[in-house]
Amino acid sequence: MSVLVYVEQVDGKFKKSVFEAVSYAKAIADNQHTNLTAISIGNVADSELKELGKYGASKILKVEAAQLKNFVNQAYASVITEAAQKEGADIVVLSNSFSGKGLAPRVAVKLKAGLVDGAVELPSSNGEFSVKKTAFSGKAFAVTTLTSANKVIALNPNAFGIKENAVDPTIETFSPEIKPTDLNTIIKEIVRATNKVSLPDAELVVSGGRGLKGPENWGMIEELADLLGAATACSKPVSDADWRPHSEHVGQTGIAISPNLYIAIGISGAIQHLAGVSSSKVIVVINKDPEAPFFKVADYGIVGDAFEVVPKIIAALKAHKG
Ligand code: FAD
């Protein structure tokens with residue numbers, strides 16, 4: 001019995017959500033009086049892998065097969081499954097990220113495991129293995145009890161936090177069997193649409209809605225995002241009207257995100273929009289209508305005209321940086 005955590009890398013680096021998943025998996029391992037092993041797929045330097053030790057991973061399996069350089073759902077799921085079987089891990093933890101959402105159910109099927117996706121708390125310690133999770137696009141919580149021998153948990157980013165628990169990890173090369181049928185779909189090349197921060201991975205997001213009146217007014221949104229190192233997003237009507245690309249549409253029918261900071265500018269806060277952003281750690285709302293529903297879920301609210309408020313924030317940031 002042990003715990004395995006999948007550590008997703010982007011260009012050879014780990015994001016904060018990975019350290020959070022490791023912290024969470026370590027807490028489960030401690031509660032189960034067992035060890036935590038991490039599995040990394042793709043080319044990651046040992047110095048970066050060692051970082052996982054800070055959060056409690058005592059053993060790290062690294063898989064560097066050439067066919068697995070780029071993310072392939074089916075093959076990565078098989079490798080994680082094989083690692084779980086090799087390590088005798090009965091609990092597998094992943095981050096409920098864009099790729100984690102594809103991997104978790106596949107790994108669960110392969111391991112004949114019960115699955116909790118969107119977990120927000122540690123499993124209960126009252127004898128049952130029950131985990132609180134988000135339900136109905138984040139509008140409610142459910143408590144799921146897993147009765148299967150194997151269990152897969154996909155943790156929502158920003159739900160648990162990063163907790164240091166330093167150990168000196170051992171790094172082991174793992175060479176799993178990669179079946180050709182797992183490589184029916186492969187990614188040959190990744191061409192980024194822009195050099196900007198990608199929305200599903202972003203820690204900071206600046207988002208605009210219909211209150212911005214038209215696409216010609218997005219300059220200030222992009223400038224604010226650039227100054228903060230943030231990704232840009234938008235509400236559904238904005239992408240429907242082609243003011244912004246559909247890849248920026250967040251919400252129930254768009255991308256669900258959980259950044260550390262979400263700045264909503266000229267967005268009313270309709271329930272379908274909130275479904276995709278309400279698990280952001282800190283929400284800042286700028287809206288000229290003090291009754292806008294978004295203020296009910298905001299950590300900080302500015303009642304004012306975006307065309308006056310945003311340039312002032314940009315000027316203040318420039319002054320601060322200068
Ligand atoms: P509006 O509702 O028009 O709000 C504009 C806001 O800007 C207002 O609050 C106004 O006070 C403010 N404003 C105006 N001028 C200014 C100014 N100068 N300065 C500051 N504030 C200003 N929507 C999504 O976003 N994502 C989804 O995934 C999604 N899925 C949906 C699925 C279904 C099945 C349905 C029925 C709807 C869905 N919607 C979704 C649409 C959703 O219901 C809302 O219509 C939409 O979110 C509203 O977008 P908005 O806030 O940009 O525009």
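Start by selecting Arg244: its relative accessibility is 12%, so this residue counts as buried, the cut-off being under 20%. Keep in mind that the model is predicted.

**Around Arg244**

Arg244 sits in the loop between helix H6 (236-240) and strand S14. Now show side chains. Arg244 makes a polar contact of 3.1 Å with the side chain of Glu222. Next, pick Glu248. Its side chain also has a polar contact with that of Arg244, at 2.9 Å.

Which residues does Arg244 touch, not counting those up to four places away in sequence? Select Trp218, Glu222, Thr232, Cys234, Val238 and Ser239.

**The sheet**

Stay on Thr232. This residue of S13 is the bridge partner of Val206. Colour S12 (residues 204-208) and S13: the two strands pair in the parallel sense over 4 bridges.

Now widen the selection to the open sheet of 5 strands. Its order is S13-S12-S14-S15-S16, and the pairing is parallel. Why is one side of S13 (231-234) and of S16 (300-303) left without a neighbour in the sheet? These strands stand at the edges, and each has a single partner strand. Look along the strands for the twist, which averages 15 degrees from one strand to the next.

**The helices on the sheet**

Select helix H5, residues 219-228. H5 lies across S12, S13 and S14 (261-265). Helix H5 runs at about 175 degrees to S12.

Finish with helix H8, residues 306-321. H8 packs on the sheet and touches S14, S15 (282-287) and S16. The direction of H8 makes about 130 degrees with that of S15.

How values were computed
Residues are numbered from 1 along each chain as its sequence is written. This is a predicted model: local features need pLDDT of at least 70, side-chain atom pairs count only at pLDDT 80 or more; totals for chains, interfaces and linings use all residues. Side-chain values use heavy atoms; hydrogens and water are left out. Two strands pair if DSSP finds at least two bridges between them. Axes are lines fitted to C-alpha atoms, for helices over the stretch in contact, and angles run from 0 to 180 degrees between N-to-C directions. Contact means heavy atoms within 4.5 Å. Buried means under 20% relative accessible area, exposed over 50%, partly exposed in between (1.4 Å probe, protein chains only). A polar contact is a pair of N or O atoms within 3.5 Å; within protein, one must be able to donate a hydrogen and the other to accept it, and residues adjacent in sequence count only if both atoms are side-chain atoms.
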